[in-house]
Amino acid sequence: MPKSVMSTPSARIMNTYQRFPITLVKGKGSYVWDKNDTKYLDYTSGIATCNLGHVPDFVQAKLHEQLDSLWHCSNLYEIPSQQALANILTENSVSDQVFFCNSGAEANEAAIKLAKKYAKDQGHAERTEIVTFSDSFHGRTGTTLAATAQTKIHEGFTPITPGFRYLPFNHLESLTEVNNGKTTAVLLELVQGEGGVRPADPSWIQELAKICKENDILFMVDEIQTGMGRTGTLFAYEQFNIEPDVITLAKGLGSGFPIGAMMAKEAVANSFQPGTHGSTFGGNPLATTAGLATIEALTSPDFLTTVTNKSAMLTKQLHQLKEDFPSIVEVRGMGLLIGIEFTHPVKPIMESLRAKKILVLIAGPKVLRILPPLVTTTEELELFMDELKHTIKAEEQGVTS
Ligand SMILES: *Cc1c(COP(=O)(O)O)cnc(C)c1O
């Protein structure tokens, strides 16, 4: 039987993404170019992945070197770039050891397995549950979709993996329910990314951390979107005065090269032994070379200060914008992970900006999500603010006239 004729270029790709009608073929710094050589300012950073901008010189050079020597050898052998990346990650965090994998969902899978094993190793076989929070996002695998406390993500995939209990995010009173005798861990984002760019309330976080500490419940933070300098510190937890037991990373870790990591304190990490977990590709020489070069750039002196400064400049202007436009409900976020909530759906604003060659994202129907590369310049930020202002103005006139 001949195969049916397919009409669109992506027709042979399973229909899991609604794609924008743009074909990107090149990137450098804050910009990407499409196949017609049209240039776009990329304020999505490939969804918080290209934090150093596209094809950053330093990472590119290191990857070129590695491409000429060794791509893959399996975790049955010592991998120097993997060791170096683990060293620099643990030197710059409260974690002691790292497990490498290939994506965010896999990093959370590793954290979930570790939490279950840890409970048993502590003689707490009855602790079989992990608490997660409303509007979270932890991934799309069978188990991480169950960790994600959003019914729309579960739909069609029942029975979902058991062992998760959901509590409302930022809700102080519900924290009394965290320790019900069955909880081995909590897993949460410090700024909910997909769930509308919602930062955790510091007093709520501190109370949650206290409950976890007092009851030997693991405090696990999903820093897949908030990590790697995105919020102005290398990891977002640094700004909450807490010490997570487990941290998961992916997106920005490899500047676009696929890599994930799950880091833990030693007493927890010890629950993984040969045979308990693994990954063929996880931490391979190419991926960890990309990760190492990325984190070297992010931790270079003063780099993160420039991020904080740019964030302050952008949020100040956005708060001014909120004063000028009553359709803006709230400006929120941390560092260069910013959400602008409107009274109306924001898809038209995203599309108008795209017509002006600026790419942004949405997080839910009414929230515009802005993720500039951390290396964006103040000129680019000003250009963005001008275009955003004009777009909102035109949109409001369109709506009211
Ligand atoms: C993107 C994301 C994930 C999933 O990462 P994948 O690499 O797509 O599996 C998990 N948690 C958070 C907070 C994310 O932003």
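What is the volume of the largest cavity? It comes to about 30 Å³, and the structure holds one cavity of 30 Å³ or more. Keep in mind that this is a predicted model, where local features need pLDDT of at least 70, side-chain atom pairs count only at pLDDT 80 or more, and totals for chains, interfaces and linings use all residues. Residues are numbered from 1 along each chain as its sequence is written, and side-chain values use heavy atoms, with hydrogens and water left out.

**The cavity**

- A cavity here is a set of points, on a 1 Å grid over the protein atoms alone, where a 1.4 Å probe fits but cannot get out; lining residues have an atom within 4 Å of a point.
- The volume is the space filled by probe spheres set on the points, with grid points joined across faces, edges and corners.
- Tyr118, Ala119, Gln122, His124, Arg127, Thr184 and Asp216 line the largest cavity.
- That lining splits into two nonpolar, three polar and two charged residues (Ala, Val, Leu, Ile, Met, Phe, Trp, Tyr, Cys and Pro count as nonpolar, Asp, Glu, Lys and Arg as charged, and the others, Gly among them, as polar).

- Most residues other than glycine have a negative phi, and most peptide bonds are trans.
- The bond from Thr158 to Pro159 is cis, with omega near 0°, and Pro159 sits in the loop between α6 (151–154) and β6 (164–167) (helices, H or I, at least four residues, and strands, E, at least two, are DSSP runs numbered from the N terminus).
- Asn170 has a positive phi, near 60°, and is found in the loop between β6 and β7 (183–188).
- Asn170 is partly exposed at 28% relative accessible area (buried means under 20%, exposed over 50%, partly exposed in between, using a 1.4 Å probe and protein chains only).
- Asn241 also has a positive phi, near 55°; Asn241 is exposed, at 67%.

**Salt bridges**

- The whole structure has 10 salt bridges (a side-chain nitrogen of Lys or Arg within 4 Å of a carboxyl oxygen of Asp or Glu).
- Lys28 and Asp57 pair up at 2.7 Å, N to O, linking strand β1 (residues 24–28) to helix α2 (residues 57–67), 29 residues apart.
- Asp121 and Lys117 form another, with closest N and O atoms 3.2 Å apart; both lie in helix α4 (residues 104–121), four residues apart, about one turn of the helix.
- Arg198 bridges to Glu341 at 3.9 Å between the closest N and O atoms.
- Arg198 is in strand β9 (residues 198–199) and Glu341 in strand β14 (residues 337–342), so the pair ties together parts 143 residues apart in sequence.
- Shared partners join Arg198, Glu330, Arg332 and Glu341 into one salt-bridge network.

Key. 1 Å grid on protein atoms, 1.4 Å probe; cavity = no way out; pocket = protein on both sides within 12 Å on 5 of 7 lines; lining within 4 Å.
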